[in-house]
Amino acid sequence: LLSLPQKWALLSLSACSSLCCLCCLLGLLVAVGLTLGNQGRVLLAPCSIANTALAPVSRECPFDPTRVYVSPPRVGDGACR
């Protein structure tokens, strides 16, 4: 079935994939920990405090917790017309 070089190649690719997955998981845990540690204040820090009504839609505020992000339907997706 699989020759010895193929088995070693499969093992090395699997080890690299596992290492990459662990790095991504560690980064996600750090991001969640930092966000919970400062109660999310850093997410809205770039927003201008002078005009809080327009802050979520301004260019200075990259994160809007009240907005629902939806992709527009593409041609050929079978969406209703």
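Buried residues make up 9% of the 81 residues in the protein chain. Here, buried means under 20% relative accessible area, exposed means over 50%, and partly exposed lies in between (1.4 Å probe, protein chains only). This is a predicted model, where local features need pLDDT of at least 70, side-chain atom pairs count only at pLDDT 80 or more, and totals for chains, interfaces and linings use all residues. Residues are numbered from 1 along each chain as its sequence is written, and side-chain values use heavy atoms, without hydrogens or water.

The protein chain has 1 helix and 0 strands. Both are DSSP runs numbered from the N terminus: helices (H or I) need at least four residues, strands (E) at least two. Helix 1 has 34 residues and spans 49 Å from first C-alpha to last, close to the expected 50 Å. That expected span is 1.5 Å times one less than the number of residues. Just after helix 1, Gln39 takes a positive phi of about 55 degrees.

Leu22 lies in helix 1 (residues 4-37). Leu22 counts as exposed because its relative accessibility is 55%.

Now the cysteines. A disulfide is a covalent bond between the sulfur atoms of two cysteines. The cut-off is a pair of sulfur atoms within 2.5 Å. The structure holds 0 disulfides. The sulfur of Cys16 is too far from its closest cysteine sulfur for a bond, and Cys21 is in no disulfide either.

| Cysteine | Nearest cysteine sulfur | Distance |
|---|---|---|
| Cys16 | Cys20 | 9.1 Å |
| Cys21 | Cys24 | 6.8 Å |

Cys16 is also exposed, with a relative accessible area of 53%.
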